[in-house]
Amino acid sequence: KAFSPTTLSTGRGTEFEGAVVAFAHLLISRSDKVRALKEAFHRPHLPNITNLLATVLVFVVVIFFQGFRVQLKLRPGAHGERTHDIKLFYTSNMPIILQTSLISNFKFFSQLMYRRFE
């Protein structure tokens with residue numbers, strides 16, 4: 001929702017939902033630019049620039065570590081000593097699927113237990 005142009009009514013008035021859109025709007029509409037920057041970076045109940053920057057940082061770190069490889073030296077055989085590359089950081093969709101399955105099963109069984117022993 002970083003670029004969402006929809007507006008929401010909050011206790012402080014109407015605000016844009018998207019962090020980037022709100023950032024641009026606050027910088028253009030407010031006369032106090034420092035206060036506008038603080039508000040854009042620290043909106044408590046809506047997406048803000050700090051959340052967006054944290055997401056970008058996580059993506060950059062994951063992409064950086066995904067490029068690391070460790071070379072394992074294998075025993076010398078008929079062809080001499082060989083090496084085998086292993087990725088240091090495994091990123092794939094399978095761990096995400098397994099984690100989602102685990103959490104959904106945990107939630108399902110906890111709801112069953114709650115209803116049974118309520």
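**Figure 1. Contacts of L88.** Leaving aside its neighbours within four places in sequence, L88 is in contact with F68, R69 and V70; contact means heavy atoms within 4.5 Å. L88 sits in the loop between β4 (83-87) and α4 (94-116). Helices (H or I, at least four residues) and strands (E, at least two) are DSSP runs, numbered from the N terminus. L88 and L8 are 80 residues apart along the chain, and their C-alpha atoms are separated by 44 Å. This is a predicted model: local features need pLDDT of at least 70, side-chain atom pairs count only at pLDDT 80 or more, and totals for chains, interfaces and linings use all residues. Residues are numbered from 1 along each chain as its sequence is written, and side-chain values use heavy atoms, with hydrogens and water left out.

**Figure 2. Helices α1 and α2.** The axes of α1 (residues 19-29) and α2 (residues 33-41) come within 9 Å and cross at roughly 165 degrees. Axes are lines fitted to C-alpha atoms, for helices over the stretch in contact, and angles run from 0 to 180 degrees between N-to-C directions. α1 and α2 are therefore roughly antiparallel (angles over 145 degrees). The crossing is right-handed: the near helix is turned clockwise from the far one by less than a right angle. From α1, F23, L26, L27 and I28 meet K33, A36, L37, E39, A40 and F41 of α2. By class, this contact has 8 nonpolar, no polar and 2 charged residues. Ala, Val, Leu, Ile, Met, Phe, Trp, Tyr, Cys and Pro count as nonpolar, Asp, Glu, Lys and Arg as charged, and the others, Gly among them, as polar.

**Figure 3. The buried face of α1.** A19, A22 and L26 of α1 are buried (under 20% relative accessible area, 1.4 Å probe, protein chains only). Seen down the axis, the buried residues of α1 fall within an arc of 65 degrees, so they line one face of the helix. The arc is that of the directions from the helix axis to the C-beta atoms. Their cover includes β2 (13-16), α2 and α3 (49-66).

Note on methods:
Angles under 35 degrees count as roughly parallel, over 145 as roughly antiparallel, 65 to 115 as roughly perpendicular and the rest as oblique. Buried means under 20% relative accessible area, exposed over 50%, partly exposed in between (1.4 Å probe, protein chains only).
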